[in-house]
Amino acid sequence: MLTEGKKYKILVIEDNTGDFVLVEEFLLEQFEEINLLHAKNYKEAFKILSDKNTQFDVVLLDLSLPDKTGGSLINAIVTICVDTPVIVLTGYDDFAFGVKSLSLGISDYLLKEELTPLTLYKSIVYSSERKKIVAELATSEKRARSFAKQLNNVLEEERSRIAREIHDELGQQFSGLKMSLSSLKKLNVSESAREEIIDNMINEVNISIQSLRQIANELRPVIIDKLGLFAAIEWLVSGFEKKTGMMCEIYINVQQISLDKTQEINIFRICQEAITNIARHAEATKVNIEIDEIGNQLIIKITDNGKGINTDGIKNSLSMGLLNMNERANFIGAKLNIISVTNIGTTIELSVDINEKKNTNSRRSFSN
Ligand SMILES: Nc1ncnc2c1ncn2[C@@H]1O[C@H](COP(=O)(O)OP(=O)(O)O)[C@@H](O)[C@H]1O
Ligand SMILES: [Mg+2]
């Protein structure tokens, strides 16, 4: 039985005692365990449903109560019920009204004369499952919308940062070059001074090339396309080591596996965020990165020996780093697990399903 092990909590709103007893009998016949409450009019129902500590799995509603009836009764009950499905049990055989009442937010419309234990049971189970699925869908839709908004903010921030870098660095370098060119143009510049100006200009151009490369690399690390994901992660880690002076160990035990470009860039960005977070927050002295191929999974573990993630820090943080990591993992169908212990450290574990192996003879092992 579908309802095995589940105790349904049901409110029956029904003024006719005979009808209530019948419904109760039907329910007891079908459900293993049931917690049944009875309200005889709208006022009683309102009181029971207003208690936010009592959550019902389903509400069965008779449409002709002494203190409220029909559409206005449906509207009032559906408004208080929010996530609880409401099934109308009625004596009116009014098909048009039945259809209309569905649009008012009820889950089902059942005629008392046609009611059997099984139809009632099915309607309750379907309505309650359907409501759960709809609620889950609404939550995930809300999450997707907020993620899209955050992503947009992150993109805008990234754009303004890059614009600033171009303006401040390249702008300045080109202004320097322009000044050097103006000096060269002067007729009274001696040969040796001219040579010095040209040497300076070559230097300035070299610096500009470096800046350009750096900006382009931040936009899209070329190394991923040229040497692959694992080399890019090694490059990321060695840059981090140089910048922070933190001791990093990286083990890559992977045969040549096939990942598509979307997987590669998202895995890279997740590692980049994890490593940036270590530099910004962890107060660690050591970082360990382990990349393994286990069965048909690629497992990446990034561990630091820092102070651990403070749950308040996550709640108060305005940044979306951890959320983005999660969303990126979801996007490529991977799993992200964050294990953090106060003053012991944090491990970010990413598991990616690898479906096909690359058809290649050169089985290179990237172990070091
Ligand atoms: N490796 C880590 N060690 C300690 N704290 C961390 C670590 N990674 C993240 N945190 C905490 O989690 C918070 C949220 O991280 P994140 O979403 O990336 O935002 P941000 O880095 O912009 O603050 C951080 O502010 C920090 O308090
Ligand atoms: Mg961060």
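**Reading a predicted model, feature by feature**

Student: Where is the place of Glu 283?

Tutor: Glu 283 is in the loop between helix 9 and strand 9. Helices (H or I, at least four residues) and strands (E, at least two) are DSSP runs, numbered from the N terminus. This is a predicted model, in which local features need pLDDT of at least 70 and side-chain atom pairs count only at pLDDT 80 or more, while totals for chains, interfaces and linings use all residues. Residues are numbered from 1 along each chain as its sequence is written, chains are lettered from A and ligands numbered from 1 in the order in which they are written, and side-chain values use heavy atoms, with hydrogens and water left out.

Student: Is Glu 283 buried or exposed?

Tutor: The terms rest on relative accessible area: buried is under 20%, exposed is over 50%, and partly exposed is in between (1.4 Å probe, protein chains only). Glu 283 has 64% relative accessibility, so Glu 283 counts as exposed. Asn 343, with a relative accessible area of 61%, is exposed as well.

Student: In what order do the five strands form the open sheet?

Tutor: Two strands pair if DSSP finds at least two bridges between them. Here the order is 8-9-10-12-11, with mixed pairing. Strand 8 and strand 11 (335-341) are the edge strands, each pairing on one side only. From one strand to the next, the twist averages 10 degrees. Strand 11 pairs with strand 12 in the antiparallel sense, over seven bridges. Val 341 stands opposite Gly 345 in strand 12.

Student: Which strands does helix 9 lie across?

Tutor: Axes are lines fitted to C-alpha atoms, for helices over the stretch in contact (heavy atoms within 4.5 Å). Angles run from 0 to 180 degrees between N-to-C directions. Helix 9 lies across strands 9, 10, 11 and 12, and runs at about 10 degrees to strand 10. Helix 11 lies across strand 11 and strand 12, at about 145 degrees to strand 11.

Student: Which residues of the largest nonpolar core touch the most other members?

Tutor: In soluble globular proteins, nonpolar side chains tend to be buried together. A nonpolar core is a set of buried Ala, Val, Leu, Ile, Met, Phe, Trp, Tyr and Cys residues joined through side-chain atoms within 4.5 Å. The largest one has 41 residues, and Ile 267, Ile 291, Leu 298, Ile 300, Ile 302 and Leu 350 touch the most other members. Helix 9 gives the most to this core, with nine residues. Beyond its neighbours within four places in sequence, Ile 267 is in contact with residues including Leu 229, Leu 298 and Val 352. Another core, of 24 residues, lies apart from this one and has Leu 63 and Ile 77 among them.

Student: How many aromatic pairs are there?

Tutor: Rings of Phe, Tyr and Trp (its six-membered ring) pair if their centres lie within 6.5 Å; planes under 30 degrees apart count as stacked, over 60 as edge-to-face and the rest as tilted. The count is five. The rings of Phe 97 and Tyr 109 have centres 6.3 Å apart and planes at 65 degrees, so this pair is edge-to-face. Phe 97 is buried, as is Tyr 109. Ring pairs also link Tyr 8, Phe 31 and Tyr 121 into a cluster.
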